[in-house]
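User: Can you take me through this one? I'd like to go over the loops, the metal sites and the chain contacts.

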Protein chains: 6
Amino acid sequence: MEKLIKGLRQFQSNYFDTHHELFEQLAHGQKPRVLFITCSDSRVDPNLITNAKVGELFVIRNAGNMIPPYGATNGGEGAALEYAVQALGIDQIIVCGHSNCGAMKGLLKLDKLREEMPLVYDWLLQAEATRRLVKENYSTLSGEELLNITIAENVLTQIENLRTYPVIHSKIRQGKLSLNAWVYQIDTGSVFAYDATRHEYVAPASPLQPLDPEELLPPSPGHPASWLSP
Amino acid sequence: MEKLIKGLRQFQSNYFDTHHELFEQLAHGQKPRVLFITCSDSRVDPNLITNAKVGELFVIRNAGNMIPPYGATNGGEGAALEYAVQALGIDQIIVCGHSNCGAMKGLLKLDKLREEMPLVYDWLLQAEATRRLVKENYSTLSGEELLNITIAENVLTQIENLRTYPVIHSKIRQGKLSLNAWVYQIDTGSVFAYDATRHEYVAPASPLQPLDPEELLPPSPGHPASWLSP
Amino acid sequence: MEKLIKGLRQFQSNYFDTHHELFEQLAHGQKPRVLFITCSDSRVDPNLITNAKVGELFVIRNAGNMIPPYGATNGGEGAALEYAVQALGIDQIIVCGHSNCGAMKGLLKLDKLREEMPLVYDWLLQAEATRRLVKENYSTLSGEELLNITIAENVLTQIENLRTYPVIHSKIRQGKLSLNAWVYQIDTGSVFAYDATRHEYVAPASPLQPLDPEELLPPSPGHPASWLSP
Amino acid sequence: MEKLIKGLRQFQSNYFDTHHELFEQLAHGQKPRVLFITCSDSRVDPNLITNAKVGELFVIRNAGNMIPPYGATNGGEGAALEYAVQALGIDQIIVCGHSNCGAMKGLLKLDKLREEMPLVYDWLLQAEATRRLVKENYSTLSGEELLNITIAENVLTQIENLRTYPVIHSKIRQGKLSLNAWVYQIDTGSVFAYDATRHEYVAPASPLQPLDPEELLPPSPGHPASWLSP
Amino acid sequence: MEKLIKGLRQFQSNYFDTHHELFEQLAHGQKPRVLFITCSDSRVDPNLITNAKVGELFVIRNAGNMIPPYGATNGGEGAALEYAVQALGIDQIIVCGHSNCGAMKGLLKLDKLREEMPLVYDWLLQAEATRRLVKENYSTLSGEELLNITIAENVLTQIENLRTYPVIHSKIRQGKLSLNAWVYQIDTGSVFAYDATRHEYVAPASPLQPLDPEELLPPSPGHPASWLSP
Amino acid sequence: MEKLIKGLRQFQSNYFDTHHELFEQLAHGQKPRVLFITCSDSRVDPNLITNAKVGELFVIRNAGNMIPPYGATNGGEGAALEYAVQALGIDQIIVCGHSNCGAMKGLLKLDKLREEMPLVYDWLLQAEATRRLVKENYSTLSGEELLNITIAENVLTQIENLRTYPVIHSKIRQGKLSLNAWVYQIDTGSVFAYDATRHEYVAPASPLQPLDPEELLPPSPGHPASWLSP
Ligand SMILES: [Zn+2]
Ligand SMILES: [Zn+2]
Ligand SMILES: [Zn+2]
Ligand SMILES: [Zn+2]
Ligand SMILES: [Zn+2]
Ligand SMILES: [Zn+2]
């Protein structure tokens, strides 16, 4: 904790001091362009990996970067995304999973969590669509390969869930919102984006063709979704 | 979006390149010491304001940095904190509100949200304890002063809510967990921590006496909770 | 009621008598090929309009032919479709709306229902994605034209909701399930099927190209979804 | 699917053509007299077995023809029946179970469903009143005999559940609504109606004495409820 | 509070002292015969008005002596009655309303409670069956007469709700459980019991014919349910 | 039942007769000073053990004297306490557990209840905070000693839960509400009150210093909470 306290002062005397104009401006309101949904994992720092400045990313973080379907939960996820799209007019949503995700590991051995961590267990039931798909479609995989597929598929599941939210359902029809599926690989620092046309995760090229949400389709049958597949 | 893509590369060629040993190490697991609960607001960057390194903060972010009482919601909040305390062994929790918070502004004009943003409305009903307390105890305030009190009180409400979670309830009795109430002020870059003994928010001194959760009491009657009160 | 009783006997002495072998066979189990989801409306008779025989259609009927997203409700809808896909191995799902639908009329004047029919009101909140889309995208329409669009869009909303169910999510990836959006027009006895390629409802040609669920996309922005548009 | 498409045309050129006046009339509104609640099972066709014309039966269909008690679920069941009684003024409700019902078979081996079909499992928990009654009162039965009793009792359970709905509770007191318990036997094409006075299911005589809902009592203790008992 | 503390001592030196054998016996377990469900109202003391000894009444008390239908709520009501019937083997249940009930007054002016007492409001929505019945059947009444009818009808509503609970549903069929509807009138100290045969509340005669729950029917149409009707 | 009927008459001819003025006065309204929350157990009679007169105690009774956190349940508990504090202006709340409590026994062998008493099981999950604390902090205890600690701790858990209710959260800040933790020991007829300063249950002395809710702290780590500890 002392370290954190010290950090507060370092922030103020360094970063804040050299950017005080930005902060004064931000004090009156935020104007982010992107809703960034990612895991609570301490190794994922949205601003760091995107090099985004303060004020650019509206962020939702929970275990497993999950957004259950509209109406399924009454936690903070739905409110935050409704606020982002409706009140802030955000037109880009990124769901960003990450390698070595503890939540996805938990999803692969769900029964063991019921007793010891009942809230985690209940929450992961919300990813049943991911779990079932992986179980029925990738039964030959195991270990890290299985985990990676689960992480990659889970992000796509959340994209489908997002489409059931009224604000998103409507904005997509108006062509005013793009949904993006990302996976961040910790050991290489790379990010992969799902390319709906090629049905695979790719390194986002520049200029990245904005993913038209109407074309964000799941991969074709049998096609592994992992960003690591050759 | 192009800017973000460019940022991904900048991150990799700059920060990642100079810290690649840290990332290799982190690739095998996280070991954060602090659960940091804060708002989705784009102007609040937990790692930035605490100068914390990647891997140090496990982060929950939603609109209004709220943790409803145990059992009240089935969103990601409960799972993430259970995972933090039970699986990761985290022993420090910080709830960090912030100035100019849109969620707290919404709480002060709740009825107007019902039609346009029903999910935000429903979520803010979870802060009814804050709303009622403010309405009944600070009826003379208005404007920014009212907003600041609401922000400050709301953090304390969440601290009370946290205590109803089984993992927290038990760990507190064992003296193994500290709960901390913070408010971050955007225009000055300062953070204020609630001092239970003095019943007010203060600039955290170093060495900061870790807040014993058993002494984290609400301010005495009539005592304003704002960090801005003279 | 007397009429119904008389009908029971007529059925037995006429239809049953001439088909008793079929019924004997069916007595040991059902083997339907299609899950037919339609409105409770008395004017929609699934077997009649498809000329399907007893045993061919597994049927879910409620007000407005709605299937809320996975996890949003705990009524019979989810169980029936899970049973259809998982236990019966059904590989075709049809959601069939209809003209002059009372539920969709209700959706267009929702507030009036809150007091008099609270359960209908609550149920129609599950079609908020339809309501919002119609409100924001077809604000110039009114009367029957508005109703028709609402009916047509609502069927597409349900198709999106269906995709969030684990059994469906997984079967679609395996290419083993097709989702079909239909509207039945009472006064002409015609049925229109949504053609994802053309982004409109069309009279289903024979041989009808089975709708690949991966291509079941909503119409492009601004394109009216009604089956009646020229 | 091709068969269905062909059926659509056959319907239009045959049945619709000879009844087009009826359909034109129905196009402006429905006026059903009966709410028919039955199973999604493909072998149960309400209009066929009652020889009812299009427009005569308002129909709810789910797995097991169940209507959980008022407030217990938020699916389509409550809304449809509220609409039927309140908006359409329907004064007769029939709950119709059927022989060889898959849902009732599932109820008798509930634990086996938990893993494979969790939504079916959860839905059948709503029939716990039936399950417990059967388990405690018919412990000596097994096989088809047990299944038949379960089917018969389950219909009576739903009748009790119906009475808890406000619109029904009130209309019954006014003597304006009758509740009827039916079971349809597939292999013989017969329907049996519960006779509250005799405490057994009987072939409905004509003129059938309309079942006064105030007299719709469960059978006396020890008396088997099956329609097949000698 | 001091008065209460003094009372604790008076109890110990008076009542307890003269009944210490009873208390020693009770210390090892309870064996009540009756489940008594009544209002939280301070003027209703179950043991006092029935002259029952300690250990004779298992008691549920909430605002309005309500037991919502099975599955509708997850509060303590269902658990307490399940425990009473299943674990303690209780075979008599009494639901006891009372004159001048604040909860029933609230039910008659429900909208006014929404803002000020949202939890009371939500809870009274569980008595919608009572509210609707009274509104539609007793529209000519007002004032105390209306309140008395509401109180009397509400007890009958709870009796119907009780029947949907699995443990009760099953025990009733076995003839092992009786359900009783009572109203206690404060100013006269009298209790009235609902007589299903006569369809009215009467002074319970001795020997009171135990109310066969299978005959516990609501009054016939138009018949006022109040215990005060001439 | 006959005994109860006889009791009704004894009450009227004895107690009521000698106190009829009190009852006439009470007939117009209640004015209790204390909200008394206790177990449904037949051996706990609030008015008897406190020697309180009719009209003095507003009473909530359920299995285990539990008040789940705000929002966690929709049963009668929240409504009754909101009514007590808001409508009746009650300023003292007592949660009173008792020795030999069946609900707390159930909590210590929770898994065994899942099948036989599912509603009791679900309700006791609401006491998970108590269960976990006891399991992790008193692992060396067993038998009656373990039960007593569980009873004592459970009352303190409810006190924490109470603090999350908006009406209570606000009134506490105003210094207008006191929360009291009691345990009633059946075989001795004694009541113990939790003394926050001493971190133990003590015999309430007179004048009992009203427990300031802001000081109602859980015992320090390792300190047994039982009222029976030497
Ligand atoms: Zn993760
Ligand atoms: Zn904020
Ligand atoms: Zn319809
Ligand atoms: Zn069936
Ligand atoms: Zn009352
Ligand atoms: Zn107890």
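**Loops, zinc sites and interfaces**

Analyst: I'll start with a loop: C:His199 sits between β5 (190–195) and β6 (200–202) of chain C, where helices (H or I, at least four residues) and strands (E, at least two) are DSSP runs numbered from the N terminus. This is a predicted model, in which local features need pLDDT of at least 70, side-chain atom pairs count only at pLDDT 80 or more, and totals for chains, interfaces and linings use all residues. Residues are numbered from 1 along each chain as its sequence is written, chains are lettered from A and ligands numbered from 1 in the order in which they are written, and side-chain values use heavy atoms, with hydrogens and water left out.

User: What is the phi of C:His199?

Analyst: Phi of C:His199 is positive, about 60°, although the residue is not a glycine. Most residues other than glycine have a negative phi.

User: Is C:His199 buried or exposed?

Analyst: C:His199 is buried, at a relative accessible area of 16%. Buried means under 20% relative accessible area, exposed over 50% and partly exposed in between, with a 1.4 Å probe and protein chains only.

User: And B:Asn100, where does that lie?

Analyst: B:Asn100 is in the loop between β3 (92–98) and α5 (102–107) of chain B. Its phi is near 60°, a positive value in a residue other than glycine. B:Asn100 is buried, with 17% relative accessible area.

User: Metals next. What coordinates the zinc ion (ligand 5)?

Analyst: E:Cys39 through SG, E:His98 through NE2 and E:Cys101 through SG, at 2.0 to 2.2 Å. Donors are N, O and S atoms within 2.8 Å of the metal (3.2 Å for Na, K and Ca); water is not among the atoms, so sites may look incomplete.

User: What spacing do the donors of ligand 5 follow along the chain?

Analyst: C-x58-H-x2-C. E:Cys39 belongs to strand β1 (residues 34–39) of chain E and E:His98 to strand β3 (residues 92–98) of chain E, so the pair ties together parts 59 residues apart in sequence. E:Cys39 is buried at 5% relative accessible area, and E:His98 is buried at 0%.

User: Which residues hold the zinc ion (ligand 3)?

Analyst: The zinc ion (ligand 3) has C:Cys39 (SG), C:His98 (NE2) and C:Cys101 (SG) as donors, at 2.0 to 2.3 Å. The spacing of these donors is C-x58-H-x2-C. C:Cys39 counts as buried at 5% relative accessibility, and C:His98 does at 0%.

User: And the zinc ion (ligand 4), what coordinates that?

Analyst: D:Cys39 (SG), D:His98 (NE2) and D:Cys101 (SG), at 2.1 to 2.2 Å. D:Cys39 is buried at 5% relative accessibility, and D:His98 is buried at 1%.

User: Switching to interfaces. How many residues does the contact between chain B and chain A take?

Analyst: 82 residues from chain B and 82 residues from chain A, with contact meaning heavy atoms within 4.5 Å. The area buried between chain B and chain A is about 7100 Å², of which carbon and sulfur atoms give 61%. Buried area is the accessible area (1.4 Å probe) that two parts lose on being put together, summed over both.

User: Which three residues of chain B supply more of that than any other three?

Analyst: B:Met1, B:Leu4 and B:Ser42, with 9% of the area that chain B buries against chain A.

User: How many salt bridges between chain B and chain A?

Analyst: The count is 2 salt bridges, a salt bridge being a side-chain nitrogen of Lys or Arg within 4 Å of a carboxyl oxygen of Asp or Glu. B:Lys3 forms a salt bridge with A:Glu56, with the closest N and O atoms 2.5 Å apart. Helix α1 (residues 2–18) of chain B gives the most to the side of chain B that touches chain A, with 12 residues.

User: Now chain A and chain C: what area do they bury?

Analyst: About 3300 Å² between them, 52% of it on carbon and sulfur atoms. The contact takes 35 residues from chain A and 35 residues from chain C. There are 4 salt bridges between chain A and chain C. C:Glu160 forms a salt bridge with A:Arg163, at 3.5 Å between the closest N and O atoms.

User: Which elements of chain A give two or more residues to that side?

Analyst: α8 (128–137), α9 (143–162) and α10 (166–173) of chain A.

User: How many residues of α8(A) are buried?

Analyst: 7 of the 10, so α8(A) is largely enclosed by the rest of the structure. Among the buried residues are A:Glu128, A:Arg131 and A:Leu133.
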